[in-house]
Amino acid sequence: MAIALRHCIALTGLLALAACGSPPPVVQTPAAPVRPADPELVFWESVRDSKDPAEYYAYLHAYPAGRFSALARLRIEALTPKVQKEAASPPKAKQPAISNRLPAPPPSHQQGETTIAEAPAPPVNWAKIDDLSGRAGPLLRSQIMDCWEPPPLPRGAGSFRAEIGIYFDPANGKVRGAAFLGGNREMTDDVFSRFVNSAVAAPMAPACRSLDLRQAGGGADAAGLVLLFALDSPP
């Protein structure tokens, strides 16, 4: 044993030390980099247990095609009261009977003179605003209705529905913005697109931006409500 040890001491260099049984140098493994937080996941975790539908609408507004968008819509449906999506059509106005016979010609002394006929009345749309968040009372809906200028619809165009989120400052109740959350048609439809734009513009009108939306209630932390804008074309 002593002879072997002296032999190892006689050798020089790192290779000799390794041959004599010296342990290899320890290599430190670098620590794994810390991944940044996922903002969408952080947002969802902050609202996932909420009982306020407006917070889920806020998530959908920020991430309309997010990983939890389907679950957010299910939570909204579970937390909001059932609303009749299709309102009953208004009664049809009684039309005067139209004769198929031509009117009698005017007297000979009036022939060639022009006559003035009354122009038909323009189509009348049936419009309504419903509350989906359970906060906007009849007075507030009436005030927002006064700010809404829905576009005229052609006869037989059908029903148009749009869910509009209205966000306001909890400190003073003033409207901060509005967003289209969903509807019963695609935005590629030009008529529906004009209808949606008119609904989004309603709460942003000067008369409505001066309202105090804290009257909608919902607690000190409430900062939004959801309204259903409905418009039916003439039959």
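**Figure 1. Salt bridge between Glu45 and Arg48 in a predicted model.** Glu45 counts as partly exposed, at 40% relative accessibility. The structure shown is a predicted model. The side chain of Glu45 meets that of Arg48 in a salt bridge, with an N to O distance of 3.3 Å. Arg48 is also partly exposed, its relative accessible area being 35%. The pair is one of 6 salt bridges that the structure holds.

Figure 2. The side chains of Asp38 and Arg67 meet in a salt bridge of 2.3 Å, N to O. Asp38 sits in the loop between helix H2 (14–19) and H3, and Arg67 in the loop between H4 and H5, so the pair ties together parts that are 29 residues apart in sequence. Asp38 has 29% relative accessibility and therefore counts as partly exposed. Arg67, with 53% relative accessibility, counts as exposed; the cut-off for exposed is over 50%. Glu40 joins Asp38 and Arg67 in a network of salt bridges.

**Figure 3. Packing of helices H3 and H4.** The two helices pack at an angle of about 170 degrees, and their axes are 10 Å apart. An angle over 145 degrees counts as roughly antiparallel, and H3 and H4 are therefore roughly antiparallel to each other. On the H3 side, the contact is made by Glu40, Phe43, Trp44, Ser46 and Val47. These residues meet Glu55, Tyr56, Ala58, Tyr59 and Ala62 in H4. By type, the residues of this contact divide into 7 nonpolar, 1 polar and 2 charged. Glu40 of H3 takes part in this contact and also belongs to the salt-bridge network with Asp38 and Arg67.

Figure 4. Helix H4 spans residues 53–62, and its buried residues are Pro53, Ala54, Tyr56, Tyr57, Tyr59 and Leu60. Residues three or four places apart in an α-helix point the same way, because the helix has 3.6 residues a turn. Helices H3 (39–47) and H5 (69–79) are among the elements that cover the buried residues of H4. The cover also includes strands S2 (159–168), S3 (175–183) and S4 (224–232). Tyr56 and Tyr59 are buried and are among the H4 residues that meet H3.

Figure 5. Asp52 caps the N-terminal end of H4. A side-chain oxygen of Asp52 lies 3.0 Å from the backbone nitrogen of Ala54, and Ala54 is one of the buried residues of the helix. Leu60 of H4 is buried as well. Leu60 and Ala70 are 10 residues apart in sequence, and their C-alpha atoms are 9.3 Å apart in space. Ala70 is found in helix H5 and, at 52% relative accessibility, counts as exposed.

**Figure 6. Salt bridge between Arg185 and Asp189, with the chain as context.** Arg185 forms a salt bridge with Asp189, in which the closest N and O atoms are 3.8 Å apart. Arg185 counts as partly exposed at 28% relative accessibility, and Asp189 counts as partly exposed at 27%. The protein chain has 8 helices and 4 strands, which follow the pattern α-α-α-α-α-β-α-β-β-α-α-β along the sequence. Of its 235 residues, 31% count as buried. Among contacts between residues at least 6 apart in sequence, 70% join residues at least 24 apart.

Terms used: Residues are numbered from 1 along each chain as its sequence is written. This is a predicted model: local features need pLDDT of at least 70, side-chain atom pairs count only at pLDDT 80 or more; totals for chains, interfaces and linings use all residues. Side-chain values use heavy atoms; hydrogens and water are left out. Buried means under 20% relative accessible area, exposed over 50%, partly exposed in between (1.4 Å probe, protein chains only). Contact means heavy atoms within 4.5 Å. A polar contact is a pair of N or O atoms within 3.5 Å; within protein, one must be able to donate a hydrogen and the other to accept it, and residues adjacent in sequence count only if both atoms are side-chain atoms. Axes are lines fitted to C-alpha atoms, for helices over the stretch in contact, and angles run from 0 to 180 degrees between N-to-C directions. Angles under 35 degrees count as roughly parallel, over 145 as roughly antiparallel, 65 to 115 as roughly perpendicular and the rest as oblique. Ala, Val, Leu, Ile, Met, Phe, Trp, Tyr, Cys and Pro count as nonpolar, Asp, Glu, Lys and Arg as charged, and the others, Gly among them, as polar. A salt bridge is a side-chain nitrogen of Lys or Arg within 4 Å of a carboxyl oxygen of Asp or Glu.
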